[in-house]
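Trainee: Could you take me through this model feature by feature, giving the general idea and then the case at hand?

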Amino acid sequence: MEKIKLTKKRKEIVDIMNFSSIDDILRYYPYRYDHYQNDCLKMELHDQKVSISGKISSIVLVEKLSHKAMKTSFYITNKTQSVKIIMFNHFANTRFLFEGANIVVIGKYNYFKNEIVVSNFFMGTLDNEEEFIPVYSLPTAIKDQTYRKFVLYVYEYACNNNLLIDTIPDDLIKKYKLISLKEALYAIHHPNSDENLHQAKRYLKYEEFLNFCILGNLKRKSIQVNKSKRAKKINYPLVRNFINSLPFTLTDDQKQAVKEICNDIEGKHHMSRLLQGDVGSGKTIVSFIALLANYSSFYQGALMAPTDILARQHYQSILSFFKNMNIKIALLVSDMPSKEKKEVIEQLKDGDIDIIIGTHALIQPNVVFNNLGLAIIDEQHRFGVKQRIALKEKGEGIDILYMSATPIPRTLASTLYLDMDVSTIQCYPYINRQVTTYYFKENSIKKASLFIEQYLLSRQKVYVVCPSIEEEASNLVNVYEITTSWEKKIKNAKVGLLHGKLSNDEKQTIMTKFVNGEINVLVSTTVIEVGINVFDANMMVIYNAERFGLAQIHQLRGRIARDGKAGYCYLLSNSDDEEVNSRLSFIATCNDGFKISEYDLKRRGAGDLLGIQQSGKSPFYIANLIDDFNILKAASNDASFIFANEEKYESIINTNKKVLEKAMTYID
Ligand code: ADP
Ligand code: MG
């Protein structure tokens with residue numbers, strides 16, 4: 001913490017909240033505001049939130065409802081009205097409540113009973129006609145009022161020491177008629193009117209987006225500088241022949257993506273492209289075609305996947321697609337016999353291998369390429385920034401293709417991803433891809449067990465997914481318990497267990513058994529999340545579904561109904577949280593990855609959806625990608641303008657450079 005002097009109590013707040021700078025504190029915004037004013041109570045306000053200020057005009061009655069619950073009641077009177085006040089469980093504060101005391105309350109009004117059930121209150125009077133009291137999300141150890149005073153103190157310190165300097169350039173502040181950072185930060189913590197709050201949000205949202213977009217431009221530049229690209233010439237007849245020989249025709253979106261990628265490969269600049277598409281939209285074949293195009297221009301290519309199982313699956317699949325061609329393809333994963341590994345590494349170096357498929361093993365220092373031209377990173381959000389860079393540095397200015405199965409709407413993607421071009425696959429190869437999702441509000445498949453038994457009887461297979469076994473929270477189902485209960489209770493179930501602590505060999509053995517039917521129920525933690533293809537497994541049961549993000553659930557159920565057969569997905573959760581309930585109900589009826597990411601972005605911020613920050617923390621505290629899209633668009637244009645006039649805007653660019661450097665040091 002910078003120089004600022006804090007009392008012991010305030011230091012405790014800093015520790016509890018895990019703040020590491022003054023900026024952290026001032027950027028921890030309230031999540032709502034209680035609007036206190038002196039409402040004139042009338043019938044139109046029945047059942048609504050009202051607030052009233054006055055004196056306690058009766059004795060204060062405290063009743064004990066149970067050993068935990070208290071009910072407090074009294075009357076408030078002011079110049080014009082008198083109303084009964086009911087409070088539940090504000091026990092700690094009742095000693096301040098006595099006849100004659102001034103109080104301001106907010107709560108739900110019942111006109112017919114002339115009664116307010118209080119949700120919040122403070123002792124004293126209203127200083128102004130209306131007051132907005134900020135409400136922060138705080139652990140119970142920190143009292144609201146103490147925290148508000150603490151924030152105010154830190155704000156004043158920052159002001160007095162000139163720490164609040166706008167990063168938005170003056171001309172842009174003028175252009176949008178923004179208030180200053182100083183005003184915005186004060187107003188976000190202590191607004192004096194709705195309009196004042198609105199202006200604070202306008203400033204802070206624009207600021208977040210602008211800095212984000214400048215960062216994006218910087219990243220793009222850091223990719224492009226200093227490295228010249230040798231011209232590549234694709235052998236188009238070869239590529240076209242291959243596409244024509246496929247057992248299916250490419251969808252229009254796939255064709256478009258192939259075209260964009262080929263243009264990039266032949267282009268003057270290094271490709272930095274994101275290929276985004278929903279699970280099962282057919283990204284893999286596009287990536288294979290990219291590898292072929294790159295190969296035909298006499299360069300080596302690499303495809304890196306986040307797990308062994310997935311890498312092996314890609315390897316098998318590319319071998320069969322390219323079986324009639326004279327291309328040397330190899331696999332490199334960490335737990336191969338060391339002799340085999342050595343050989344592959346030797347051959348890569350000598351240029352005897354054309355295409356290599358692998359995992360993190362590919363970025364080990366001892367792996368050297370002869371002339372790497374294209375690197376593809378599948379499920380890119382599973383890799384850290386450093387790992388992505390490590391792969392990039394295996395060649396001289398190579399082309400990079402990132403793949404993501406959590407797609408976001410096209411317009412948003414092109415505005416947001418400034419450091420990458422984006423290809424989007426929106427249409428599915430199968431018209432008939434049908435997963436029916438059921439959401440059960442209990443963590444049990446009792447209701448569906450007969451159906452599941454029949455399903456198994458017809459020789460099909462079931463995935464059962466549980467949250468990670470490392471999390472030992474007692475209210476989670478345990479994979480071992482599930483395994484035994486399915487074996488006991490479901491007829492015909494032959495259960496296998498797959499989790500992160502097994503060795504790759506063990507995992508592979510279980511997968512093989514599942515594929516050939518020795519096992520027909522595969523209980524697993526989320527290791528199956530990525531890319532597995534087992535064609536007769538078209539049912540999935542997800543326990544503790546509240547634990548998973550929507551994108552993750554969607555990706556998980558993307559494992560089923562892949563061959564056009566009907567798929568069934570059961571989401572189980574006994575959480576009684578309303579947010580969970582509406583989230584799971586939503587995904588039970590929505591099968592469109594783009595809509596799902598939109599829903600997520602609207603409600604939960606960007607999170608790991610963007611794959612920008614490994615911490616999983618959203619880079620946006622206050623701005624919302626969907627609701628504030630227009631602000632994002634403006635900021636994105638302004639950022640381009642700033643980079644077209646770099647000298648003029650040196651200072652804001654430098655500020656962001658520091659942020660980028662810091663991110664590179666701390667991420668991973
Ligand atoms: P994802 O985008 O999730 O990686 P995949 O690439 O694994 O999806 O594709 C899912 C399945 O669809 C694969 O079995 C693939 O061979 C098949 N597929 C891909 N493109 C087409 C197409 N145009 N027509 C029919 N099937 C296709
Ligand atoms: Mg895939």
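Mentor: In this predicted model, 6 strands form an open sheet in the order β16-β21-β20-β17-β19-β18, with parallel pairing; strands here are DSSP runs of E of at least two residues, helices are runs of H or I of at least four, both numbered from the N terminus, and two strands pair if DSSP finds at least two bridges between them. The edges are β16 (435–440) and β18 (495–498), each of which pairs on one side only, and neighbouring strands are turned by 20 degrees against each other on average, direction ignored.

Trainee: How many bridges join β16 and β21?

Mentor: There are 6 bridges between β16 and strand β21 (residues 567–572), in the parallel sense, and Thr437 stands opposite Cys569 in β21.

Trainee: Which helix packs on this sheet and touches β16, β17, β20 and β21?

Mentor: That is helix α17 (residues 550–557), whose direction makes about 150 degrees with that of β20 (537–542); contact means heavy atoms within 4.5 Å, and axes are lines fitted to C-alpha atoms, for helices over the stretch in contact, with angles running from 0 to 180 degrees between N-to-C directions. Helix α18 (residues 578–589) lies across β16 and β21, running at about 160 degrees to β16.

Trainee: How should I read the packing of two helices?

Mentor: Two packed helices are described by the angle between their axes and the distance between those axes. Here the axes of α3 (residues 144–160) and α5 (residues 181–189) come within 11 Å and cross at roughly 175 degrees, so the two helices are roughly antiparallel (angles under 35 degrees count as roughly parallel, over 145 as roughly antiparallel, 65 to 115 as roughly perpendicular and the rest as oblique). The contact is made by Val151, Leu152, Tyr155 and Cys159 of α3 together with Lys182, Glu183, Leu185, Tyr186 and His189 of α5.

Trainee: And how do I read the side chains of a strand?

Mentor: In a regular strand the side chains alternate between the two faces of the sheet. In β12 (residues 355–358), Ile355 and Ile357 point one way while Ile356 and Gly358 point the other, and all are buried, where buried means under 20% relative accessible area, exposed over 50% and partly exposed in between, for a 1.4 Å probe and protein chains only. Strand β12 pairs in the parallel sense with β10 over 4 bridges, and with β11 (residues 329–332), also parallel, over 4 bridges. Gly358 is the bridge partner of Met304 and also stands opposite Leu332.

Trainee: Is Gln300 buried or exposed, and what does the side chain of Gln300 reach?

Mentor: Gln300, in strand β10 (residues 300–304), counts as buried because its relative accessibility is 3%. The side chain of Gln300 reaches the backbone nitrogen of Asn371 at 2.8 Å, and the residues that Gln300 touches, leaving aside those up to four places away in sequence, include Leu348, Ile353, Phe369 and Leu374.

Trainee: Where is Asp419 found?

Mentor: Asp419 is in the loop between α13 (410–416) and β15 (421–425) and is buried, with a relative accessible area of 15%. Asp419 and Lys219 are 200 residues apart in sequence and 5.7 Å apart in space, C-alpha to C-alpha.

How values were computed
Residues numbered from 1 in each chain as written. Chains lettered and ligands numbered in written order. Predicted model: local features only at pLDDT ≥ 70, side-chain atom pairs only at ≥ 80, totals over all residues. Heavy atoms only, no water. Polar contact = N/O pair within 3.5 Å; in protein donor to acceptor, adjacent residues only side chain to side chain.
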